[in-house]
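Please read them alongside the sequence and coordinates.

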Amino acid sequence: MLRFVGTRLITVVPLLLLLMLLVFGLVQIAPGDPAAIIAGPDASAQAVAAIRTELGLDRPVWEQFVSYLGNVLHGDLGTSYTTREPVTEVIARALPRTVTVAAFAMLLAVLVSLPLGVLAAMRRNGPVDRGLTGASVVLMAVPPFVLAALLVNYFALGGLQIFPPTGYAPLTDGLGAWLEFATLPAIAIATISLAELTRQARGSLIDALEEDYVRTARAKGLGRFWTVGKHAAKNAAVPYVTVLGLNVGRIVGAAVIVEAMFNIQGFGQLGVDAVLTRDLPTMQGVVLVSGVIVLVVNLLVDVSYGYFNPKVRAR
Amino acid sequence: MTETVERTGASDAADGGRAAVLEVTGLGVDIRTDRTWTGIVDDVDLVVRSGETVGLVGESGSGKTVTSLAVMGLLPPNARVRGTVRLNGRDLTALSERELDRVRGVEMGMIFQEPRRSLNPAFTVGDQVAESVRRHRGAGRREAWERAVDLFDLVGIPDPRRRAGAYPHEFSGGMCQRVMLAMAVACEPSLLIADEPTTALDVTVQKQVLGLIREIQQRLGIGVLLITHDLGVVAEVCDRTAVMYAGRIVEQTEVVELFDHPRHPYTAGLLAAMPDPRRHADRLGVIPGIVPPPHAFPAGCRFHPRCDHRREPTCTTADIPLRDVSVGLPHRVRCARADEITLEDTST
């Protein structure tokens with residue numbers, strides 16, 4: 001297993017390089033001259049040229065890439081054009097907000113989809129299963145921002161005023177305070193994946209239950225709990241975890257919109273603001289970190305295959 | 001054993017001084033499709049005594065696998081069982097699913113046709129065998145693992161301690177069947193059901209596995225119900241056999257008697273279809289037609305549309321009972337004309 005994890009880790013290195021190349025290329029293909037943007041509309045040609053030299057934009061592209069690479073590896077993502085703050089610091093402030101809320105959303109989606117999926121699979125084609133299928137279709141059709149608005153309306157403004165409508169408290173302020181602000185956004189974000197994950201849990205468990213080894217487990221007199229919870233579940237986990245991994249991207253996407261609605265000032269917001277203000281270094285930083293997150297999630301999914309399916313490990 | 005045995009006609013429940021392990025009486029299985037029940041097996045009587053091997057033979061679709069699953073209580077939820085299945089005197093059809101879980105894997109074990117697919121790819125083979133011991137015997141992790149290693153040794157897996165930690169995909173089909181066998185006998189059951197245990201294996205491996213089943217059976221003194229379509233397998237390992245056709249037993253007797261004096265035209269057809277090295281391949285007997293599907297079982301004798309000896313209306317109207325035609329060895333047949341026809345020895 002350790003060797004398997006090791007080889008998986010090594011395959012990530014070229015992907016990481018490719019990612020950095022793409023992020024670096026972003027500046028090259030972005031319209032407009034970064035130096036001119038920083039200098040402002042009234043600057044003289046000389047001032048623009050000075051800024052260009054300062055940023056190293058007059059050097060050959062490959063030299064720029066190498067120095068960018070060096071900087072990134074040292075944790076230096078450049079300086080924001082708009083706030084003049086180091087991008088690393090800006091991201092370090094915004095990212096934990098999004099990651100904690102998204103992780104909470106993910107946890108909710110898993111905690112709800114697993115029991116529902118198992119229930120639907122055990123009562124296949126029964127009223128519970130059909131009801132859940134119907135509810136899934138409806139949920140899939142509701143965009144997260146609509147749900148966010150409804151949630152705020154019922155649980156923050158009108159009716160029950162349990163949660164604050166907007167704002168955010170970091171985890172360092174205590175779990176209670178964080179939950180108060182994070183719950184509604186997390187629910188709004190979780191629903192986007194909930195339906196698909198429930199369907200997947202149901203489908204892969206049904207497939208697993210039809211396998212011969214389940215009959216063997218029953219012939220051994222293991223009873224329903226161990227047959228489903230051990231023998232079918234471990235095999236059904238592979239497709240479920242795959243879909244879960246794919247949903248990380250979707251959850252981050254939903255977070256961008258939902259964050260804006262709840263005024264969380266998170267990572268998605270940061271990216272949107274950077275695009276609007278043409279703050280290239282921040283944009284690069286956001287794209288790079290998002291890319292790394294996707295790589296890490298895929299790595300985790302890959303490693304989990306090794307745990308769930310020993311055949312993968314052997315290769 | 002010193003018990004006195006009373007021989008009563010067709011009932012051979014306690015024949016040969018050995019206790020009957022399995023007694024199936026009037027077993028029927030119906031499957032519900034689109035709100036109608038279709039009978040796929042009916043009127044099956046079987047007895048398996050400890051230390052003996054009983055063959056259940058038939059073509060695909062004859063209902064032999066369904067019969068074995070009915071005994072194990074492993075039929076799908078849309079199936080309905082009639083009759084009684086007694087294991088060591090207790091009627092299994094009266095037990096709840098929870099109670100059955102204390103019988104399956106303890107008093108009876110089963111091995112299947114596809115040994116590789118029957119093992120869970122996600123767990124080590126040792127874990128899958130040890131699990132049974134832990135669940136039923138309440139053994140601890142280490143103790144159960146030791147038992148699994150011993151069992152692997154018993155079923156002839158080389159280097160059992162190391163191999164117990166391997167996964168099914170690291171084993172050949174024959175080795176997987178040995179693992180299955182170890183699992184099935186882990187709690188020393190009194191009955192082993194083997195459903196086509198060698199069909200998916202290479203011919204050379206088939207012999208080994210059959211030999212192993214025989215060996216284990218003799219060592220543990222268990223009764224074996226062997227389901228197969230291969231009369232060659234029956235000849236090799238069975239003591240008695242029942243031939244099934246279209247959901248019913250058509251002939252039931254000792255193996256020697258079955259091969260020497262088949263009384264049902266279907267059995268005779270099966271025997272003629274067996275490859276024989278002394279006979280040329282194009283003289284291989286073929287029974288024309290196919291086994292009818294359950295919803296199209298014909299009235300009267302279910303074999304009559306394919307039978308050379310059929311006579312209307314004797315064979316085509318009323319159900320034919322399984323009756324005793326014993327001459328010396330116990331022999332029962334479901335043929336209305338068994339006394340009128342002579343089934344030629346096709347091997348000459």
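**Notes on the predicted model**

1. Pro313(B) sits in the loop between α11 (265–272) and β11 (323–324) of chain B; helices (H or I, at least four residues) and strands (E, at least two) are DSSP runs, numbered from the N terminus.

2. Residues are numbered from 1 along each chain as its sequence is written, chains are lettered from A and ligands numbered from 1 in the order in which they are written, and side-chain values use heavy atoms, with hydrogens and water left out.

3. Ala246(B), with phi near 50°, is placed in the loop between β9 (240–245) and β10 (248–254) of chain B. Ala246(B) counts as buried because its relative accessibility is 0% (buried means under 20% relative accessible area, exposed over 50%, partly exposed in between, with a 1.4 Å probe and protein chains only). Arg278(A) has a phi of about 55° and belongs to the loop between α11 (267–276) and α12 (280–308) of chain A. At 38% relative accessibility, Arg278(A) is partly exposed.

4. Chain B contains 11 helices and 12 strands. Its C-alpha atoms occupy a box of roughly 65 × 50 × 50 Å along the principal axes. Of the 348 residues in chain B, 53% are buried. Among its contacts (heavy atoms within 4.5 Å) between residues at least 6 apart in sequence, 65% join residues at least 24 apart.

5. The largest nonpolar core has 98 residues, and those with the most contacts inside it are Leu22(B), Leu46(B), Val129(B), Phe152(B), Leu191(B) and Leu225(B). Such a core is a set of buried Ala, Val, Leu, Ile, Met, Phe, Trp, Tyr and Cys residues joined through side-chain atoms within 4.5 Å. Helix α7 (residues 173–184) of chain B gives the most to this core, with 7 residues. Apart from it there is another core, of 39 residues, which includes Val101(A) and Ile189(A).

6. Leu46(B) has contacts beyond four places in sequence with residues including Leu22(B), Val54(B), Leu225(B) and Ile249(B). Gln177(B), in helix α7 of chain B, is buried at 1% relative accessibility. Among the residues touched by Gln177(B), leaving aside those up to four places away, are Phe112(B), Pro197(B) and Leu201(B).

7. In chain A, helix α6 (residues 127–141) packs against helix α8 (residues 175–209) at an angle of about 145°, with the axes 8 Å apart. Axes are lines fitted to C-alpha atoms, for helices over the stretch in contact, and angles run from 0 to 180 degrees between N-to-C directions. From α6(A), residues including Thr133(A) and Leu139(A) meet residues of α8(A), among them Leu194(A) and Arg199(A).

Notes
This is a predicted model: local features need pLDDT of at least 70, side-chain atom pairs count only at pLDDT 80 or more; totals for chains, interfaces and linings use all residues.
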